[in-house]
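Please keep the structure open beside you as you read.

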Amino acid sequence: SGAVSRVLATGDFTGTRGEIVVIYGPEGVKARRVILAGLGAIDAFNEEAFAEVHRKIAAAARGSSIVLTSEDFIPETRDARWAARTALRVMLFEKTPVKSFKSSARPAPQLESVVWFSEDEAARGELLAALEEGCVCAEAMRIAKNLGDLPPNECTPQHMYETACRIRDAVEGALTGEEAARPAVTVEVMRREDLEKAGMGGILA
């Protein structure tokens, strides 16, 4: 419909890394919004830039679903599976609400559906596995942030142990192939005597 061309013609979108422009109601597209994301200089587009761009896209997204065409701009040192896993991890963590102790806190809009557009039908299985891994990683990151935000009377040793076990089970359930053959996350409970033997006096103080 020429919507992207018109935005470019105005000069409002220059393609600077992390720059975001939202086009509302473009003709010929079922989506209510189209998000243009600036990548910056192509020769400087690395893993960090990829993650930053998807973080900005997540912040700009207002709906419950999104279609990503990220496979068109993957860093040279990475493949589509890494890109799918990283994009989901970054975006879901950005959009997932963390626990708040303020009664007036408003729940942020959450992503319920993410579509990864790819023309490589042969890689469908690997990409689906990568997307699942990204979801699990984002959930683990959210849990870790919530633990750091909890007051001491709630973040007890027992609560931390139970949380660690849930993360372990979630990660192991998402791994496939050779990755599933070795433990990805282990949980070890250290008692006072174990801490003393390990020289962890700061924790015992």
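This is a predicted model: local features need pLDDT of at least 70, side-chain atom pairs count only at pLDDT 80 or more; totals for chains, interfaces and linings use all residues.

1. How far is the sulfur of Cys135 from the closest cysteine sulfur? The distance is 9.4 Å, and the partner in question is Cys137. A disulfide needs the two sulfur atoms within 2.5 Å, so this gap is too far for a bond. Cys137 is likewise in no disulfide, its nearest cysteine sulfur being that of Cys135. By this rule, the count of disulfides is 0.

2. Next come the aromatic rings, which form 4 pairs in the structure. One of them joins Phe50 and Phe73, with 6.1 Å from centre to centre and 45° between the planes, a tilted arrangement. Phe50 sits in helix H2 (residues 47-60), while Phe73 sits in the loop between strand S3 (65-68) and helix H3 (80-95). The pair therefore ties together parts of the chain that are 23 residues apart in sequence.

3. Phe50 has a relative accessibility of 0%, so Phe50 counts as buried. Phe73 is buried as well, because its relative accessible area is 17% and the cut-off for buried is under 20%.

4. Phe50 has a further partner in Trp82. Their ring centres are 5.2 Å apart and their planes meet at 50°, which means that this pair is tilted too.

5. Which residues do the ring pairs link into a cluster? They are Phe45, Phe50, Phe73 and Trp82.

6. Finally, turn to the surface. Val67, Val115 and Phe117 make up a nonpolar patch there, and together they have about 280 Å² of accessible area. Val115 belongs to strand S4, which covers residues 113-116. Its relative accessibility is 40%, so Val115 counts as partly exposed.

Terms used:
Residues are numbered from 1 along each chain as its sequence is written. Side-chain values use heavy atoms; hydrogens and water are left out. Patches are made of residues with over 30% relative accessible area and no salt bridge: like charges are joined within 9 Å, nonpolar side chains (Val, Leu, Ile, Met, Phe, Trp, Tyr) within 5 Å. Accessible areas come from the Shrake-Rupley method with a 1.4 Å probe; for residues, only the protein chains shown count as cover. A salt bridge is a side-chain nitrogen of Lys or Arg within 4 Å of a carboxyl oxygen of Asp or Glu. Helices (H or I, at least four residues) and strands (E, at least two) are DSSP runs, numbered from the N terminus. Buried means under 20% relative accessible area, exposed over 50%, partly exposed in between (1.4 Å probe, protein chains only). Rings of Phe, Tyr and Trp (its six-membered ring) pair if their centres lie within 6.5 Å; planes under 30 degrees apart count as stacked, over 60 as edge-to-face and the rest as tilted.
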